[in-house]
Amino acid sequence: MDAYEAILTRRSTRKYKADPVAPEILQKVVEAGRYAPSGGNNQTNHFLVVQSPDVAEKLVGLAEAAFAKMEADENTYPSLRNSILASKKGGYVFTYRAPVLIVVANRKDYGNNMADAVAAVENMMIAANALDLGSCYINQLYWLNEEPSLLAALRELGLKEDERVYASMALGYAATEDGLPSRKPLARKGNEVTFL
């Protein structure tokens, strides 16, 4: 699969097999993130690659508890509202139980923190598709990047005092018969283009 095909056929995967991702394949995905563009070539992203089910479950529980304390109304961003309402019901798992959660942090006071983190995640999602892995962009830890309980847990995992989470992604083998992610093209319904 060439780069253009990997971009156009990438889709979000929200159901995963429990199978672990082989270390050499996981390393390729993470390297794709490390080679993403960054403002001024600063390369300040910090990748926390969570493969431990216990660590993932702890983050899931802390996120659910934090969202359950929040309120949502019709003006709340729809995905955030869904996270809040699902957490209030109980059993909310923002990772989709993927075997890998890649958290991308950056310096809190760095003006390009989110752009750099998102560029890295996009690179990794395209690489994942090319390597027959499913992936899904995850916003929840960014939305909770000042939540004290999550900050403490992430600091135990290596997050530095001056860092916050700006992007994350789930990664693993799709829970499909062949283990491959869906690559069915979807029509564009937005993203207007004006050529001048």
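Modeller: Start with lysine 88 and glutamate 71. Their side chains meet in a salt bridge, with N to O at 3.5 Å. Keep in mind that this is a predicted model. Where do the two residues sit? Lysine 88 lies in helix H4, which covers residues 78-89. Glutamate 71 lies in the loop between helix H3 (53-68) and H4. The two residues are 17 apart in sequence, so the pair ties together separate parts of the chain. Now check how open each end is. Lysine 88 has 39% relative accessibility and counts as partly exposed. Glutamate 71, at 64%, is exposed.

How many salt bridges does the structure hold? There are eight. Let us take two others. Arginine 107 and aspartate 109 join through their side chains at 3.9 Å, N to O. Arginine 107 is partly exposed, with a relative accessible area of 30%. Aspartate 109 is exposed, at 67%.

Next comes lysine 108. This residue forms a salt bridge with glutamate 146, and the closest N and O atoms are 3.2 Å apart. This pair links distant parts of the chain, 38 residues apart. Lysine 108 is in the loop between strand S2 (100-107) and helix H5 (113-130). Glutamate 146 is in the loop between helix H6 (140-143) and helix H7 (148-156). Both ends are partly exposed: lysine 108 at 44%, glutamate 146 at 41%. Which residues form a network here? Lys108, Glu146 and Arg164 are linked by salt bridges.

The largest nonpolar core has 29 residues. Leu59, Phe67, Phe94, Leu101 and Leu141 touch the most other members. Strand S1 (46-50), H3, H4, S2, strand S3 (134-138), H7 and strand S4 (163-172) each give at least two residues. The largest share, six residues, comes from H3. H3 and H4 are also the helices on either side of the loop that holds glutamate 71. As a general pattern, nonpolar side chains in soluble globular proteins tend to be buried together.

Helix H2 (residues 23-34) and H5 have axes that come within 7 Å and cross at roughly 145°. The crossing is right-handed. From H2, the contact uses Val29, Val30, Ala32 and Gly33. From H5, the contact uses Ala120, Asn123, Met124, Ala127 and Ala128.

Finish with the strands. Is S3 enclosed or open? Four of its five residues are buried, so S3 is largely enclosed by the rest of the structure. S3 pairs with S4 in the antiparallel sense, over five bridges. Serine 135 has leucine 171 in S4 as its bridge partner.

How values were computed. Residues numbered from 1 in each chain as written. Predicted model: local features only at pLDDT ≥ 70, side-chain atom pairs only at ≥ 80, totals over all residues. Heavy atoms only, no water. Salt bridge = Lys/Arg side-chain N within 4 Å of Asp/Glu carboxyl O. Buried < 20%, exposed > 50% of the residue type's maximum accessible area, 1.4 Å probe, protein only. Core = buried A, V, L, I, M, F, W, Y, C linked by side-chain atoms within 4.5 Å. Pairing = 2+ DSSP bridges. Axes fitted to C-alpha atoms, helices over the stretch in contact; angles between N-to-C directions. Left-handed = near helix turned anticlockwise from the far one by under 90°. Contact = heavy atoms within 4.5 Å.
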